[in-house]
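How do the helices of this model sit against each other, and what lies between them? Take a look at the fold before reading on.

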Amino acid sequence: MDELLTMSKQEITRLEAMQRIKDKRLTQKEAAGMLELSVRQVKRLYRAYKARGAKGLISARRGKRATTSWAQI
């Protein structure tokens, strides 16, 4: 069964770019320019997409508390 994922607009844009790379309709270099990222970052995102699907593009920090608080400093 499919899992419902909550994604930001930026993550949806990244997902669309990764799908286009997979379908060979977009190069990693073109995706880097479109997403305003380096080619290295696009490669990292594409590896995560291949390994985990759309879930790999979602921030792992979502829903977690900050480790340090400015109020404590």
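This is a predicted model: local features need pLDDT of at least 70, side-chain atom pairs count only at pLDDT 80 or more; totals for chains, interfaces and linings use all residues.

Start with helix α1, residues 9-22, and helix α2, residues 28-35. Their axes come within 10 Å and cross at roughly 165°. An angle over 145° counts as roughly antiparallel, so α1 and α2 are roughly antiparallel to each other. Their crossing is right-handed. On the α1 side, the contact uses T13, R14, A17, M18, R20 and I21. On the α2 side, Q28, A31, M34 and L35 take part. By class, this contact has six nonpolar, two polar and two charged residues.

Now turn to helix α3, residues 39-52. The axes of α1 and α3 also come within 10 Å, but here the crossing is roughly 80°. That angle falls in the 65 to 115 degree range, which means α1 is roughly perpendicular to α3. From α1, the residues in contact are R14, L15, M18, Q19, I21 and K22. They meet V42, L45, Y46 and Y49 of α3. Seven of the residues in this contact are nonpolar, one is polar and two are charged.

Next comes the core. The largest nonpolar core has 15 residues. Helices α1, α2 and α3 each give two or more residues to this core. The residues with the most contacts inside it are A17, M18, I21, A31, V42, Y49 and L57.

Which residues does M18 touch, leaving out those up to four places away in sequence? They are L35, V42, L45, Y46, Y49 and L57.

Methods: Residues are numbered from 1 along each chain as its sequence is written. Side-chain values use heavy atoms; hydrogens and water are left out. Axes are lines fitted to C-alpha atoms, for helices over the stretch in contact, and angles run from 0 to 180 degrees between N-to-C directions. Helices (H or I, at least four residues) and strands (E, at least two) are DSSP runs, numbered from the N terminus. Angles under 35 degrees count as roughly parallel, over 145 as roughly antiparallel, 65 to 115 as roughly perpendicular and the rest as oblique. A crossing is left-handed if the near helix is turned anticlockwise from the far one by less than a right angle, and right-handed if clockwise. Contact means heavy atoms within 4.5 Å. Ala, Val, Leu, Ile, Met, Phe, Trp, Tyr, Cys and Pro count as nonpolar, Asp, Glu, Lys and Arg as charged, and the others, Gly among them, as polar. A nonpolar core is a set of buried Ala, Val, Leu, Ile, Met, Phe, Trp, Tyr and Cys residues joined through side-chain atoms within 4.5 Å. Buried means under 20% relative accessible area, exposed over 50%, partly exposed in between (1.4 Å probe, protein chains only).
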